[in-house]
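The exercises below concern side-chain packing and pairing in one model. Each task is followed by a solution in steps.

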Amino acid sequence: MTATATNTGNTSPLVRSAVLGIILLIVTAALPLAGLGPNSIRLMFVTLVWLTASVAWNLLGGFAGQVSFGFAVFYGLGAYTTAIAYNSGLDRFASIILSAGVALVASFLIGLPTFRLKGPYFAIATIGVSEAVRVIMTNLEITGGASGYRIMERGAFNQRLHFYIALALAAVAVAASMLVRYSKLGLALISIREDQDAASDLGVDPFRTKLLAHALGAALTGAAGGVFVGYAAFIYPQGVFGFDISVAILLMPTIGGVGTVWGPVIGAVVYGFVQEELIASFPQFHLLLYGALLILIILFEPGGVLGLFQKLYYFVRARTSIGSHS
């Protein structure tokens, strides 16, 4: 009886999340067909790319509590891999898959030494790795160096095709997040976040578990970079390897609700739409505003937007319950 009850409790949140995800997927897929203009579709495309990276970071930073400032490495590697592969004759979809594979391999090269570090030393190491990769890519001839690299289009630009590719990848990322969260891997990651030493005593291997989450997050982030460059058709090292990219990828799940399934989604939507206005209004100060926002969230609402919604829900429900009894 106990095992049955446990399985039912684990399945129920997954089913609810899956149903909500399917509804959101259908609604989002229908939006470009509802007469939206090119600029609106572009904004939605960028938001979906950010959404994938946000959900990917949350697999490690949210579920396992291992804060990384180096996900721009995977985003940039994915973008350059797709661009170079596509210009070499590979089709778009195969190029994106290859970019995920390259990012996955890079995650092991980075994770094997850095996951032996604890506390802030890991975060500092990821910053160093990210900057080192950016400098290297800036000086490589195959990437076009600081001048950038351009994709040669083989046909007419199809904005809707790019949008639906981004939507499909975002759906895969959210589905992967759901499956991880409500699986043994998710329980292991959460136990590491709460108390790594206690988790190790209970049989969880923190090193391998974090390495696996890191690899999955890196692959999704690399694919996101590949999807983005297919639309942008031009990239340069600072634009995809810059520290601001890593900060943005970390900031989105923090805004929405770190360590949850839907928090990174909410954070990406907020960031994607607000980003446009901030850059237009404060081109030199938007990073300062993001930093201030991050501090305010940590101080006053660590649960992010999702945590705020939950508190409002419980407050309204409590008030309704008191009113009905009176």
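**Exercise 1. Classify F69 by its accessibility, then describe the aromatic pair it belongs to.**

Solution. In this predicted model, F69 has a relative accessibility of 22%. Buried requires under 20% and exposed over 50%, so F69 counts as partly exposed.

Next, take the ring pairs: eleven aromatic pairs are found in a search of the whole structure. One of these joins F69 and F243, with 6.0 Å from centre to centre and 20° between the planes. Planes under 30 degrees apart count as stacked, and the F69–F243 pair is stacked.

Then place the partners: F69 is in the loop between α2 and α3, whereas F243 is in helix α11 (residues 243-256). They are 174 residues apart, and the pair links distant parts of the chain. At 33% relative accessibility, F243 is also partly exposed.

**Exercise 2. Work out how the rings of Y80 and F241 are arranged, and whether the two residues are buried or exposed.**

Solution. The ring centres of Y80 and F241 are 5.9 Å apart and the planes meet at 15°, so this pair is stacked. Y80 belongs to helix α3 and F241 to helix α10 (residues 237-241), so the pair ties together parts 161 residues apart in sequence.

For accessibility, Y80 is at 2% and therefore buried. F241, at 0%, is buried as well.

**Exercise 3. How many salt bridges does a search of the whole structure find? Describe those of R134, E194 and R208.**

Solution. The search finds four salt bridges.

Step one: R134 pairs with E131, and their closest N and O atoms are 3.1 Å apart. Both are in helix α5 (residues 120-138), and because they are three residues apart, about one helical turn separates them. E131 is partly exposed, at 27% relative accessibility.

Step two: E194 and R193 meet through their side chains at 3.2 Å, N to O. E194 has a relative accessible area of 58% and is exposed, whereas R193, with 33%, is partly exposed.

Step three: R208 and D205 form a salt bridge at 3.6 Å, N to O. R208 is exposed at 63% relative accessibility, while D205 is partly exposed at 33%.

Technical notes:
Residues are numbered from 1 along each chain as its sequence is written. This is a predicted model: local features need pLDDT of at least 70, side-chain atom pairs count only at pLDDT 80 or more; totals for chains, interfaces and linings use all residues. Side-chain values use heavy atoms; hydrogens and water are left out. Rings of Phe, Tyr and Trp (its six-membered ring) pair if their centres lie within 6.5 Å; planes under 30 degrees apart count as stacked, over 60 as edge-to-face and the rest as tilted. Helices (H or I, at least four residues) and strands (E, at least two) are DSSP runs, numbered from the N terminus. Buried means under 20% relative accessible area, exposed over 50%, partly exposed in between (1.4 Å probe, protein chains only).
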